[in-house]
Amino acid sequence: MSEPPSILDILGPIMIGPSSSHTAGASRIGFIARQLLNDKPSRAEITLYNSFAKTHKGHGTDRALVGGILGFGPDDTRIRNSFELAKKEGLEWEFKFSSDFNRFHSNTARIKLTGEQGGSVDLTGASLGGGRIRIQEIEGFKVDFNAQTHTLVIIAEDIPGSIKNISGAIAERGTNIANMYVSRNEQLANMVLEMDQSVDKETLKKIESFPWVKFVRRVEPMIEGTSRYEK
Amino acid sequence: MEFNYLSEIVDYCRREGKDIAQAMVDYEIRNKGTTRERVYEGLKRILIVMEESVEQGLTQQVITPSGMLNNWAKRIYQSPKETLGVALKKAVARAVAVGEVNACMGKIAAAPTAGSAGIMPAVLVTMIEEHGISRQRILDALLVASAVGLVFAKNSSFAGSEAGCMGETGSAAAMAAASITYLLGGSDEQILESIGFALKASMGLVCDPVGGLVEEPCTTRNAVGVANAFVSAQMALAGIKSLIPADEVILATKEVGDLMSPKLKESGQGGLANTKTGREIQKKVFKIVKEEGRSS
Ligand code: SF4
């Protein structure tokens, strides 16, 4: 499902040092968690796995993750002071360290975010080097996407017609679904949809209004090369 | 439009009557739905950040919190002793400058990674100064470098934790070698040869940063990467052949990376990180970078 990489991402990203995997990639994972939460975060529980757990100190991995959660892109110099800024914003955070080489890529972070409205999200992402990342679990579902394109994450009851209804709602507005990936557990299905354009608010509302839909979130890509996020 | 190997890019160039830089513009337009103007704007932004990071390291105070790096770039730049003329000395200083800025959480362009971010800017700024090359041409050299990075990313890895330092300073040196060869009028074949030379020289390079910090040996490896790039381009431009084609050298870096012990791949458990002095520095660093695990 991986998209061809942009040459501007190969020659970049433009980022705050010192490590594209441990700093830039970490802030991207944090930022995607923030987008999935879709609320002002009040609490973050972050577990660092494998190499991340061992070598995060001094790479600013911790500051980058917290910065990402605050909404800072990898090239945002505020990352340097993200702990101080998080305190001001009322974000509490806690780091845990673990190791599981069988299950996770060597640079992996799991982020459990709670928002001010009480919502929460649980995601696991891997930093692959060069600032590239992949999100690998959301709410316990296996996923595999990089948020380089407009992405929708939907969790819904696994009933006949659910996929058809969702893709119908998106196609109705003329948005083209480039890729769709589904994973399932006993009752629920997780869908990750990658699209050429952003899905508008009405479409999101419509999908949310299906009674069997539990969770709909939009993740927007970064503008090429600059690593800034589209607002 | 997929480019999996350098040979495919060269074939495309031959078919379309284009050079590697323009092939990469085509790649980006087709895969990213972007325009030529936006590609060049993006490249310009990257070049500006590269130039600024060189400038910062040569003019501002850069002392890392660990104390391992302490305004080295300026010291090299101003050194009265020159092993091979002023051009090499300055090129080395520029690479170290970006390494220092990066270690101080400054802004850099990770081409292709932050740990190896000093090589491309040092080489490009040096090419502008020594050969009077226009900044517009430099943007094309960046495109040529991106071709190397693209194929390397597909068939090997930029992550020190997967491919060791081959993946970082090795791939950056290869990208830079390709840029130099291109800028000095080398053919597509010669560009590929220079990539092969640079990667062969980096084969098996481990990732063993002391204290887990991107400072030592990273910064000086960037400086050596610059020399590698100029040497590799020099050989290629003279018409020397790398014998093992560049694509196969890239595949070999993948194999070697897989064969390398995880201890030698960014774990802090082998190589320089595991020397007596490396361990002592690590202990000191951990005291300085005090535990900040909890917010409250
Ligand atoms: S030693 Fe490791 S961290 Fe340092 S530049 Fe090389 S790959 Fe990167």
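In which sense, parallel or antiparallel, do strand β2 and strand β4 of chain A pair? They pair in the antiparallel sense, with eight bridges between residues 41-49 and residues 107-115. Keep in mind as you look around that this is a predicted model.

- Chain A has an open sheet of six strands, and its pairing is mixed.
- Reading across the sheet, the order is β3-β2-β4-β5-β6-β7.
- The edges are held by β3 (92-98) and β7 (141-145) of chain A; each has a single partner strand, so one side of each is left without a neighbour in the sheet.
- From one strand to the next, the twist averages 20 degrees.
- In general, strands of a sheet pair through backbone hydrogen bonds, either parallel or antiparallel.
- Helix α4 (residues 61-69) of chain A lies across β2, β3 and β4 of chain A, and this helix runs at about 145 degrees to β2(A).

**Where chain B meets chain A**

- Chain B brings 53 residues to the contact, and chain A brings 46 residues.
- About 4,100 Å² is buried between chain B and chain A, with carbon and sulfur atoms giving 58% of that area.
- Between these two chains the count of salt bridges is zero, while twelve residue pairs are found in polar contact across the interface.
- On the side of chain B that touches chain A, the elements giving two or more residues are α2 (20-32), α3 (36-59), α5 (85-103), β1 (107-109), α7 (135-155) and α8 (160-163) of chain B.
- Sorted by class, that side of chain B has 26 nonpolar, 15 polar and twelve charged residues.
- Strand pairing also links the two chains: strand β1 (residues 14-16) of chain A is joined to β1(B) by three bridges, and the two strands run antiparallel.

**Salt bridges**

- Over all chains, the structure holds 30 salt bridges.
- One of them joins the side chains of D9(A) and R28(A), at 3.7 Å from N to O.
- D9(A) sits in helix α1 (residues 7-10) of chain A and R28(A) in helix α2 (residues 20-37) of chain A, so this pair ties together parts that are 19 residues apart in sequence.

Methods
Residues are numbered from 1 along each chain as its sequence is written. Chains are lettered from A and ligands numbered from 1 in the order in which they are written. This is a predicted model: local features need pLDDT of at least 70, side-chain atom pairs count only at pLDDT 80 or more; totals for chains, interfaces and linings use all residues. Side-chain values use heavy atoms; hydrogens and water are left out. Two strands pair if DSSP finds at least two bridges between them. Helices (H or I, at least four residues) and strands (E, at least two) are DSSP runs, numbered from the N terminus. Axes are lines fitted to C-alpha atoms, for helices over the stretch in contact, and angles run from 0 to 180 degrees between N-to-C directions. Contact means heavy atoms within 4.5 Å. Buried area is the accessible area (1.4 Å probe) that two parts lose on being put together, summed over both. A salt bridge is a side-chain nitrogen of Lys or Arg within 4 Å of a carboxyl oxygen of Asp or Glu. A polar contact is a pair of N or O atoms within 3.5 Å; within protein, one must be able to donate a hydrogen and the other to accept it, and residues adjacent in sequence count only if both atoms are side-chain atoms. Ala, Val, Leu, Ile, Met, Phe, Trp, Tyr, Cys and Pro count as nonpolar, Asp, Glu, Lys and Arg as charged, and the others, Gly among them, as polar.
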